[in-house]
Amino acid sequence: MLTLDKVYHASYVLKNVIRTTDLIYAPRLSEDCQVYLKTENLQVTGSFKIRGAYYRISQLNPEEKSKGVIACSAGNHAQGVALAAARSGIPSLICIPDEAPIQKVEATKRYGAEVCLVNGVYDDAYRKALELQKERGGTFIHPFDDPDVIAGQGTIGLELLDQLPDMDAVIVPVGGGGLISGVAFTIKSLNPNIKVYGVQAEGAPSMRNALRDGRKEALPGVSTIADGIAVKRPGNLTYELCGKYVDGIVTVSDDEISTAILALIEDQKLIAEGAGAVAAAAVLFRKLELTGKKVVCLISGGNIDVTILSRVISRGLLKAGRSADLTIALTDKPGQLLGVSRVIAELGGNVVSIHHDHADETVDINGCFLRIVLETRDHQHLRQIREALVQEGYRIVN
């Protein structure tokens, strides 16, 4: 069973294993409330998962340890189990969805685990891990639906109560629910006045739906850049704990997540993966009523593949109005490009690339399309440029 004593014991076991991650004030993330970031993206292995994985493995008896451990993960739990097993001197086998970022897969191998890539998402990796456990033996280390794992994650709650005892709310990413279960149980047990909110991706709202509908059902599919919380079905224990201790769960879109990742990079110099940025996205896009409150956003992980990061930054720039594509229909004659460039330059826009298209079958025989990619300050700045171009007589097609 999950108890507060177990959370305190986990904190004792972990004291020489993990970092007590910093709590950083982030005033630029919101004008409505005081925002602090709990930087678990800077934790050992790059996410909070080492807490629960290490504590669970530490509680195995010698016979269980001799048989090794098996786990399934979208990447972060895999690294936590791999490192915990290596430090305990026992073998580990981890099933990982083949869609997981390469960075997470390679890091898991470097920590010493045997990796089995599984076609599909987390839930497919879970089924494969259970099959392999029956074949090989060993202890299955569940990523979220286990009281020891949840107790390990609950140590974050203890740290927050020490670092910011007068906080009003904590916002936590939610996949299967292990992290928010541990944090909510710990905080609510010690100070029930503090609100605990969860955030899921719009493309994987399993816990939100379960709490809303009063029953657990598997989603037909999940689709989100937040691979770390792309879970089709919440756990049994985590569902019960969330129903008892969590004050609400909201969702954010992939575009909103991308914008949050970009904001964390620019404003806080922090790298967060998709799952790690959802709490910040909820604040940025006012998904919760937090006016005047002292709020902690839990940045749960920073293990993002650099190729995905590049695409996410591009999406974030588009969402924030910092990057835009304009298509302008022109008469094909000298001076047209100069006129367009002058308008953009006078308003402080920066042209990144230009393409003339004479061959489009929809264009007039003596016309062309001018496609421009430009950098702007925000949506208002982009509107000013568009309006100025129209006033100069240019026809914007897109």
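Let's start with two helices: α8 and α10 pack at an angle of about 40°, and their axes lie 9 Å apart. Helices here are DSSP runs of H or I with at least four residues, strands are runs of E with at least two, and both are numbered from the N terminus. Axes are lines fitted to C-alpha atoms, for helices over the stretch in contact, and angles run from 0 to 180 degrees between N-to-C directions.

A quick word on the source. This is a predicted model, where local features need pLDDT of at least 70, side-chain atom pairs count only at pLDDT 80 or more, and totals for chains, interfaces and linings use all residues. Residues are numbered from 1 along each chain as its sequence is written, and side-chain values use heavy atoms, leaving out hydrogens and water.

Back to the helices. α8 and α10 are therefore oblique to each other. The cut-offs: under 35 degrees is roughly parallel, over 145 roughly antiparallel, 65 to 115 roughly perpendicular, and the rest oblique. α8 passes α10 in a left-handed crossing. Left-handed means that the near helix is turned anticlockwise from the far one by less than a right angle; right-handed means clockwise.

Which residues of α8 and α10 meet? From α8 come Gly178, Ile180, Ser181, Ala184, Phe185 and Lys188. From α10 come Thr238, Leu241, Cys242 and Tyr245. Contact means heavy atoms within 4.5 Å. By class, this contact of α8 with α10 has six nonpolar, three polar and one charged residues. Nonpolar covers Ala, Val, Leu, Ile, Met, Phe, Trp, Tyr, Cys and Pro; charged covers Asp, Glu, Lys and Arg; the others, Gly among them, are polar.

Stay with α10. Thr238, Tyr239, Leu241, Cys242 and Tyr245 are buried there. Buried means under 20% relative accessible area, exposed means over 50%, and partly exposed is in between, with a 1.4 Å probe and protein chains only. The buried residues of α10 pack against α7, α8, β8 (195-201) and α9 (206-213).

Now the other partner of α8. Helix α7 (residues 147-163) packs with α8 at an angle of about 50°, with axes 7 Å apart. That makes α7 oblique to α8. Their crossing is right-handed. On the α7 side, the contact includes Ile150, Gln153 and Gly154. On the α8 side, it includes Gly178, Leu179 and Ser181. The residues of this contact of α7 with α8 divide into nine nonpolar, seven polar and no charged.

Look at glycine 178 in helix α8. Is glycine 178 buried or exposed? Glycine 178 is buried, at 4% relative accessible area. Leaving aside neighbours within four places in sequence, glycine 178 is in contact with Phe144, Ile150, Gln153 and Thr238.

Next, aromatic rings. How many aromatic pairs does the structure hold? Five. Rings of Phe, Tyr and Trp (its six-membered ring) pair if their centres lie within 6.5 Å; planes under 30 degrees apart are stacked, over 60 edge-to-face, and the rest tilted. Take tyrosine 25 and tyrosine 36: their ring centres are 5.1 Å apart and their planes sit at 40°, so the pair is tilted. This pair links distant parts of the chain, with tyrosine 25 in strand β1 (residues 23-25) and tyrosine 36 in strand β2 (residues 34-39), eleven residues apart. Tyrosine 25 is partly exposed at 42%. Tyrosine 36 is buried at 14%.

Phenylalanine 185 and tyrosine 245 make an edge-to-face pair, 5.5 Å centre to centre with 90° between the planes. Phenylalanine 185 is in helix α8 (residues 178-190) and tyrosine 245 is in helix α10 (residues 236-245), 60 residues apart. Phenylalanine 185 is buried at 8% relative accessibility. Tyrosine 245 is buried too, at 15%. Elsewhere, Tyr122, Tyr126, Phe140 and Phe144 form one aromatic cluster.

Last, the loops. Most residues other than glycine have a negative phi. Threonine 45 is not a glycine, yet its phi is positive, about 70°. Threonine 45 lies in the loop between β2 and α2 (49-58) and is buried at 7%. Lysine 269 also has a positive phi, about 60°. Lysine 269 lies in the loop between α11 (254-268) and α12 (274-284), and is exposed at 67%. Glutamate 273 has its place in the loop between α11 and α12. Glutamate 273 is buried, with 1% relative accessible area. Beyond four places in sequence, glutamate 273 touches Asn76, Lys104, Ile261, Gly301, Gly302, Asn303 and Ile304.
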